[in-house]
Amino acid sequence: MSLGTLAPQGDPVPALTEIWSELLGVPSRTIEPEVSFLRLGGDSVLAVRMAALIRKRLGVVLALADVGAESTVSELAGLVGRRSAGGTAARALPVDLRRRADKASPFALLPLQQGYFVGQQGGWELSYESAHFYSDVALRNMDSDEAAEALADALRRLAEHQPMLRARVTSDGMQHILPLDAPAAVPEPQVYDLRNASIETASESLARLRAEMIANGPDPTHSPGLDVRLTLLPDGRGRLHTNMSLLLFDGWSATLLNRELLELSADWNAVPAPLDMDFDDYVASVQALPQSDAWAGDRDWWWSRLDTLPQPPALPLAADPREVRATTMANREQYLSPGRWAALRDRCAAHDVTPSTAMFTAFAITIARWAGHHRLLLNSLQLNRLPLHPDVHRVFGAFASTMLLPTELAPGSTFTQLVTQAQRRFTEYSGHALVTGVEVSRELGRRRGTHRPVAPVVFQSTLGMDAAMGAQQPDAAGPLGELGMDDFFHQLRTPQVALEARFYELRGSLAIVFSLVEELFDAAQVDAAYAELVALVGSLADGEGWDRPVDLPTEPDSDRTGLRLGQYADDRPGAADGPPATELEQTIAMLWEELLDTPVLDRSASFFDLGGDSLLAVRALAGLAKEAGVTVPVRDFLADPTVAGLAAVSRAGAAR
């Protein structure tokens with residue numbers, strides 16, 4: 001059966017109903033054709049798997065816009081019928097998955113990977129030497145003599161199954177997979193034996209280890225992107241520590257890795273089901289997107305809206321982000337009990353909105369009150385696994401992207417009205433996701449004449465991920481014992497983010513998290529905003545928060561003073577127009593012409609206006625170091641990204 005061709009029997013309803021039954025865990029006989037996927041418990045995460053299964057079983061390629069959570073079986077059946085009768089429509093996915101012939105050759109970084117890579121070079125304000133996710137969890141009833149060997153063996157088998165565990169990133173911003181037998185290709189767990197240590201010594205050692213791993217994430221330019229450590233404690237207790245580079249792994253991969261690592265640790269003979277695709281195949285396939293009409297259509301859609309996008313939330317700042325050198329991000333975290341979380345999910349379904357959209361709306365309201373204005377630009381982290389293959393949800397990799405979300409909260413509206421508008425907006429904007437938020441942000445920054453983060457307030461939801469993966473994380477892992485999820489710690493560190501709200505499920509509860517660069521904000525204001533968010537989510541779970549008018553600012557105060565997020569003076573130096581004037585400027589212009597494939601005739605022209613991006617900037621500076629022996633930090637270059645500006649900071653650096 002070829003893509004776009006329906007099976008001979010023609011009627012897609014039984015197959016679609018069976019797919020829904022499988023994904024939602026409900027009997028197929030209970031699925032009514034006119035009831036939405038969302039009303040039955042589906043969401044946008046499950047919708048990606050739905051699209052992949054429709055492609056596999058019915059041979060019909062659908063776009064992400066075609067399979068929103070609001071879809072019904074009847075609507076999808078009509079769409080499948082039209083697609084199978086008329087061929088693949090323009091909005092269907094414009095690329096197919098193709099396996100790479102040379103699996104050892106380098107392949108490109110996706111846009112968000114590029115952002116993390118440049119951030120690790122100190123290129124952005126609020127940058128870190130590594131972007132990573134750290135977690136540790138209690139282990140009980142371990143076989144302490146066998147645990148370390150079981151963990152090491154599980155990692156070796158997992159690295160064979162999931163090639164991205166053997167990935168490295170090159171100095172010029174490419175990635176490649178090492179052979180399984182290459183030196184240091186496979187992550188090796190470090191083991192700390194504290195079984196005979198005193199309670200005080202063990203506690204101090206654990207605190208030091210946690211602080212070290214939080215501050216120093218794995219660096220895949222030199223070593224594996226995963227750092228796993230095991231602490232052995234008295235009485236069969238222990239802790240499992242994992243530190244994952246966001247340059248190579250997204251949040252979905254983190255959850256998948258924990259599951260597979262524990263399953264393999266529990267069974268020496270377990271063999272994961274083979275994968276028919278790898279992350280490098282996906283990357284190579286989506287590299288063809290910019291040559292498609294569908295991608296160009298999404299670009300034009302976004303570009304037509306950029307000049308009207310609002311500014312980010314003008315949150316009061318205690319320090320300029322350029323002056324902050326944070327080593328970590330602080331957390332505020334509380335949990336909604338399983339019963340109240342279940343009630344909240346039911347209320348969301350009754351209002352035909354996803355829990356993620358409800359949490360986004362609650363966060364937007366909280367931020368609008370804090371910032372003092374109701375039109376604001378927020379950033380949303382998206383899983384973004386295009387349904388090119390049914391195995392796409394089983395593969396490790398940095399698939400994630402961002403999506404800019406202009407948000408206008410009309411004063412006097414009820415929460416129901418605001419969340420309904422947000423659901424429509426999510427559906428509309430997600431339908432144009434072939435162009436990623438990173439690419440949109442680059443163009444927005446170019447138009448606004450800034451290289452500071454244009455959307456540093458972020459929303460992230462992984463709600464529904466457990467359902468999309470099909471099973472809960474195991475509670476036990478053989479020699480590693482039982483997981484004590486009541487004693488779980490985590491820490492996130494991402495560049496260019498001032499504040500991020502995260503929502504996820506943990507053993508039936510809803511986690512509500514603020515992760516932030518604490519040096520930027522007044523602690524009392526953060527605590528007050530976080531308490532507001534928790535209270536609002538609680539009112540939604542209990543029911544009274546849906547239909548009462550939401551207290552929102554009307555117009556921003558015209559006399560607001562003090563430093564605020566996104567509102568900075570433009571203090572970039574200006575250079576005189578004209579051709580490159582010195583030998584160094586001529587060398588820089590020549591390097592840019594070769595890299596950008598365009599003439600560089602004006603010493604005041606911006607690298608980014610000429611077609612450059614952050615990754616190309618890193619390569620341009622590497623070329624300058626090779627040609628002229630001058631090393632310029634990315635951040636210094638971004639302060640004045642012109643031929644004249646780069647020559648000036650090069651001379652200043654050489655003089656020091």
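This is a predicted model: local features need pLDDT of at least 70, side-chain atom pairs count only at pLDDT 80 or more; totals for chains, interfaces and linings use all residues.

User: Is D352 buried, partly exposed or exposed?

Analyst: Partly exposed, because its relative accessibility is 36%. The cut-off for buried is under 20%, and for exposed over 50%.

User: What is phi of D352 near?

Analyst: Near 60 degrees, which is a positive value in a residue other than glycine. Most residues other than glycine have a negative phi.

User: What about L126, what is phi there?

Analyst: Phi of L126 is also near 60 degrees, and L126 is a residue other than glycine. L126 is in the loop between helix 4 (111–120) and strand 2 (132–140).

User: Buried or exposed?

Analyst: L126 is buried, because its relative accessible area is 5%.

User: Which residues does T494 touch?

Analyst: L126 is one of them. T494 also touches Y116, Y128, L246, M329 and E500, not counting residues up to four places away in sequence.

User: And where is T494 in the chain?

Analyst: In the loop between strand 12 (482–493) and strand 13 (499–506). T494 counts as buried, because its relative accessibility is 6%.

User: What separates T494 from P453?

Analyst: Their C-alpha atoms are separated by 13 Å. Along the chain the two are 41 residues apart.

User: Switching to the cores. How many residues does the largest nonpolar core have?

Analyst: It has 175 residues. L344 and W592 have the most contacts inside that core.

User: Which helix gives the largest share of this core?

Analyst: Helix 11 (residues 355–371), with eleven residues. As general background, nonpolar side chains tend to be buried together in soluble globular proteins.

User: What is L344 in contact with?

Analyst: L336, M359, L510, V537, L540, A541 and W546. That leaves aside neighbours within four places in sequence.

User: Which residues are in the second core?

Analyst: L24, I31, F37 and L62 are among them. This core is separate and has 20 residues.

User: Now helix packing. At what angle do helix 1 and helix 2 pack?

Analyst: About 140 degrees, with the axes 10 Å apart. Helix 1 covers residues 13–24 and helix 2 covers residues 44–58. Angles over 145 degrees count as roughly antiparallel, so this pair is oblique.

User: Left-handed or right-handed crossing?

Analyst: Helix 1 and helix 2 cross in a right-handed way.

User: Which residues meet there?

Analyst: From helix 1, A15, L16, I19, W20, E22, L23 and L24. From helix 2, L46, R49, M50, L53, I54, R57 and L58. By class, this contact has eleven nonpolar, no polar and three charged residues.

User: How do helix 5 and helix 7 cross?

Analyst: At roughly 125 degrees, with axes that come within 8 Å. Helix 5 is residues 147–161 and helix 7 is residues 251–266. The two are therefore oblique to each other. Their crossing is right-handed.

User: Which residues make the contact?

Analyst: Helix 5 brings A150, L151, A154, L155, R157, L158 and H161. Helix 7 brings L257, E260, L261, L264 and S265. That contact has eight nonpolar, two polar and two charged residues.

User: What about helix 9 and helix 13, what angle do they pack at?

Analyst: About 40 degrees, with their axes 11 Å apart. Helix 9 (residues 293–303) and helix 13 (residues 437–448) are therefore oblique to each other. Helix 9 passes helix 13 in a right-handed crossing.

User: Which residues make that contact?

Analyst: W295, W302 and W303 from helix 9, and E439, V440, E443 and R447 from helix 13. By class, four are nonpolar, none polar and three charged.

User: Last one. Where does E593 lie?

Analyst: In helix 16 (residues 583–596). E593 counts as partly exposed, because its relative accessibility is 32%.

User: What is E593 in contact with?

Analyst: T598, P599 and V600, leaving aside neighbours within four places in sequence. E593 and L610 are 17 residues apart in sequence and 9.4 Å apart in space, C-alpha to C-alpha.

Note on methods:
Residues are numbered from 1 along each chain as its sequence is written. Side-chain values use heavy atoms; hydrogens and water are left out. Helices (H or I, at least four residues) and strands (E, at least two) are DSSP runs, numbered from the N terminus. Buried means under 20% relative accessible area, exposed over 50%, partly exposed in between (1.4 Å probe, protein chains only). Contact means heavy atoms within 4.5 Å. A nonpolar core is a set of buried Ala, Val, Leu, Ile, Met, Phe, Trp, Tyr and Cys residues joined through side-chain atoms within 4.5 Å. Axes are lines fitted to C-alpha atoms, for helices over the stretch in contact, and angles run from 0 to 180 degrees between N-to-C directions. Angles under 35 degrees count as roughly parallel, over 145 as roughly antiparallel, 65 to 115 as roughly perpendicular and the rest as oblique. A crossing is left-handed if the near helix is turned anticlockwise from the far one by less than a right angle, and right-handed if clockwise. Ala, Val, Leu, Ile, Met, Phe, Trp, Tyr, Cys and Pro count as nonpolar, Asp, Glu, Lys and Arg as charged, and the others, Gly among them, as polar.
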